[in-house]
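Please read this briefing with the sequence and the model side by side, and find each named part in the view before going on to the next point.

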Amino acid sequence: MNVLDVSGLAVRYGDLTAVDGVSLSVAEGETLAVLGANGAGKSTLLAALAGMHLPASGTVLLDGAPVTRVPAHQRVRRGIALVPEGRRIFGSLTVEENLLMGRYPKRPGPWDLRAVYDMFPLVAEMRDRRGGVLSGGQQQAVAIGRALLANPRVLLLDEVSLGLAPTVVAQLYDAVRQITASGTTALVVEQDLDQALRVADRVQCLLGGRTVLEAPAAGLDRDTVADAYFGVSHHPPSPR
Amino acid sequence: MSRPAAVPTITRGGRGSLVGGGVMLLVVVLLAAVVPYVVTLGALSSLVMLFALVILGTTWNLLAGYGGMVSVGQQAYVGVGGYALIQLADAVGAPPWLAVLAAGLIGAAIALPTSYLVFRLAGGYFAIGTWVVAEVFRLVTMRIDGLGGGTGLSLSAFRGTDRVERVAFVYWFALALMIAVVLGTYLLMRSRVGLGLTAIRDDRVAASSLGVAVDRGRRLVYVAGSAGAALAGALVALSTLGVTPGSIYSVSWTAAMIFIVVVGGIGTIEGPLVGAVLYWALQQALAPLGTWYLVVLGVVAVGVVLLAPRGLWGLVAGRYQLFPTGYRVGAVAPDATVARRAGE
Amino acid sequence: MDWLNAGVQGVLLGGQYALLACGLSLIFGVMRIVNLAHGVLAVLAAYLSLVLVQQGLPLWLAIVVVVPLFAALGYAVQRGLFNPALAQVGQDAAGGARGAGELAPLLVSFGVAVALTNLLQEVFSADTRKIPTGDLASAGLPLGDLSVGVLPLLTLGVAVAVIAAVQLFLARTSTGRAMRAVADDAGAAAMTGVDPKHMYAVATALAFATLGLAGVFVGMSTQFSPGYGDLVLLFAFEAVIIGGLGSLWGTLAGGMVLGLAQTIGAQIDPQSGVLAGHLVFLAVLVVRPGGLMPRSVQA
């Protein structure tokens, strides 16, 4: 049974259709990577799945139950946790308090403070520092830890690599690999193709808000993805 | 925008503005040439209050609607205007019309240094800070020798003037002043400064990055708005022949301004006109109800902010625009999104 | 000796101002709303407890009734008025339609203040009242040659207790932590399962509870009338600003500075106490470098 089933999802900002009829599914324990260039609609898709932005049409099923119009704070309680774009760490809360916010829904599961500190030893050292003073990579680790502490049915990761140095990105994806390998169901949105392919079981490429490629990650030809990623170069994506 | 053949047509206003302008002109002519000869002296005095309310609403709107500053302390300048008028007319002996104009200037002169103080506070704190300043003005006024302490002053410059003559003079003068303030505000908003202000209102950070002098623009608005409040205060003192510190420095002036602007339609030139007429009409109609009337006003203001945030004028705006401050861009291409903002 | 007396009275008066300022600070810290109805709501609490005492309830029982009632009122006001007003703040940026926008919460609270002040005037008239406290109002403890009023001392004690309790709540409880998270980033807090609208209402309920308590103490020590709410708002605000927008302990210090300014001012000239307080506030505004930018709640 699929943990997440999305069909015909469309999201609009005013006149702009950012996600245009996307369908996808993520099976238990699976990791799906959604790839695409800037403006392909990836982040909007995740925002809609997390309930931050309500879709114009389409349905979202979590473990078979519809959550399409459930507000964000209730979705976390049902098991969809988002590591948002830009990390959104609480600047005036300490690192440990940030992590404890992940416990707010009180969902039972394997992840507790100790497990997160084991995964990110650097974060453990900084537990009493305020979130606002952390570096980007440290904030990203805290954001991942915060989402894990909700013990989600499905973990949504939005552009973990954004604005971070390659070595930091590699370390973070080592952690993501551990997380997904341990059986956590995940949906990863990423621009960085190499990192995404390291963790993904399957890949889905978006362009102009639509799916242009779906394939298993194993043995996937990098050029095929790149073609889909940049779209068909002979006519540029329409502004709508 | 790859089709250079299509050039957008840019216009100000439209047929709606022409019709509206005609109506406005008619109203002004009626007020100036017909009304004084057909209504009672009492009604004329009450109309002077309406004109003062229009000035108050228009200038408060300048602050809040265009400058994004909610002042709850504009009664400071109403009071300064009232006291300045009486001092200038009685102690200095200036002719009343000159005294009113000078009172406006004094209001501006006091507002300038005050702005450096209150601009240290942002948003809601600015609101209460201006209120504290107004209280200080009131308390200081009461302690200055020769300003009548807690009982205030009465105007004696009109002693010996025939009542009809006096009321008629105050009426026409107030009408002219109101027209000047509304037109002046309109021209200010149409000017380069006004466009800069609109930019500040819509996005302060972006405006400052584009080189709009944010603080200077806001300061100009604060000083101009305060001068308007002082003019209105002077008119009130002129019409009621006196001031008391409790009423001329009352926060209820600001309550009136807020009601007028919010209910009429914030951020438009027309809104405060509509709001002032409504406020004045309600005041006349509900006067027998005593303070219940203010309870109703408060509730109505809350309701309008929550349910019709663009005010009464906002409900009809777009169709008619008496004072076109924005530009209208004729639609050229379907993706010409600029046109969306032009209706304001 | 008069000066020393003025100093002691001023510090004690600061307790009352800090107690009043607590709710103002909390509401602003969590959701950036400056509640202009703050003062008149304190006066409402004073009238409510006056009515209850006149009905024969002992004062302590009146407080036990008024405080939860105010908490409920706070929750309802947030849900019914402030949350819809806050929703407009966001709309303003998104849509081309211009309205009250970011001014909406301020304007709504001002409308409430005007309506409530005049409603109280209609019901209770503009006459000044005081909650009868029997001997408490005049009771004093000898301190050297001075007599320290029991009621002001009690008020200061309550203020310290309330501030300590609110700070502990914010720092140590999971709800307090969620409240600070919402103040930092409401959207991110929603992603962790906090309903911002509910959390705002809880914050306002807490703020109104402290305000209700403060209002009763104002009613016991001061001659109040419906219009007195304006002064209450200004004093609470001045305490917050003088204290420096940091923690609530800063507000307590700010309240004491304001109280001192008023009593010492009145010692110089009996008519000038309030004015002296305002002037000290303005002086602080001038002296603070770079002005004052509002900050979020601190634990």
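In what order do the elements of chain C run from the N terminus on? In this predicted model, the order is α-α-α-α-β-β-α-α-α-α-α-α-α, which corresponds to 11 helices and two strands. The radius of gyration of chain C is 19 Å, close to the 19 Å that the globule rule gives for 299 residues, and therefore chain C is as compact as a globular protein of that length.

**Chain C as a whole**

- Taken along the principal axes, the box filled by the C-alpha atoms of chain C is roughly 65 × 50 × 40 Å.
- Of the 299 residues in chain C, 57% count as buried.
- When contacts in chain C with a separation of 6 or more are considered, residues 24 or more positions apart account for 73% of them.

**Where chain C touches chain B**

- The contact between these two chains takes 44 residues from chain C and 40 residues from chain B.
- On the side of chain C that touches chain B, the elements giving two or more residues are helix H3 (59-94), helix H4 (104-124), helix H9 (228-243) and helix H11 (273-287) of chain C, and H4(C) gives the most, with 13 residues.
- Sorted by kind, the residues on this side of chain C divide into 32 nonpolar, eight polar and four charged.

**The nonpolar core and a helix of chain B**

- In soluble globular proteins, nonpolar side chains tend to be buried together.
- The largest nonpolar core here has 287 residues, and those with the most contacts inside it are Leu156(A) and Leu235(B); helix H8 (residues 196-221) of chain C gives the most to this core, with 17 residues.
- If neighbours within four places in sequence are left aside, the residues in contact with Leu235(B) are Val48(B), Phe51(B), Ala52(B), Val100(B), Ala174(B) and Leu177(B).
- Helix H13 (residues 292-307) of chain B has 16 residues and reaches 22 Å from its first C-alpha to its last, which is close to the 22 Å expected at 1.5 Å a residue.

**Chain A: overall form**

- Chain A contains nine helices and 10 strands, and its C-alpha trace spans about 55 × 35 × 35 Å along the principal axes.
- A compact globule with 240 residues would have a radius of gyration near 18 Å, and the 17 Å of chain A agrees with this.
- Of the 240 residues of chain A, 46% count as buried, while 69% of its contacts between residues at least 6 apart in sequence join residues at least 24 apart.

**Chain A: a helix and a sheet**

- Why is helix H1 (residues 42-50) of chain A described as largely enclosed by the rest of the structure? The reason is that nine of its nine residues are buried, including Lys42(A), Ser43(A) and Thr44(A).
- Just after H1(A) comes Gly51(A), which takes a positive phi of about 90°.
- Four strands of chain A form an open sheet in the order S2-S1-S4-S5, with antiparallel pairing, and its edge strands, strand S2 (16-27) and strand S5 (65-66), each pair on one side only.
- Strand S4 (residues 57-62) of chain A pairs with S5(A) in the antiparallel sense over two bridges, and Ala65(A) in S5(A) is the bridge partner of Leu62(A).

Note on methods. Residues numbered from 1 in each chain as written. Chains lettered and ligands numbered in written order. Predicted model: local features only at pLDDT ≥ 70, side-chain atom pairs only at ≥ 80, totals over all residues. Rg over C-alpha atoms; globule rule 2.2 N^0.38 Å. Buried ≥ 20, exposed ≤ 12 C-beta atoms within 10 Å, placed from the backbone. Contact = placed C-beta atoms within 7 Å. Nonpolar A, V, L, I, M, F, W, Y, C, P; charged D, E, K, R; others polar. Expected span 1.5 Å × (residues − 1). Core = buried A, V, L, I, M, F, W, Y, C linked by C-beta atoms within 7 Å. Pairing = 2+ DSSP bridges.
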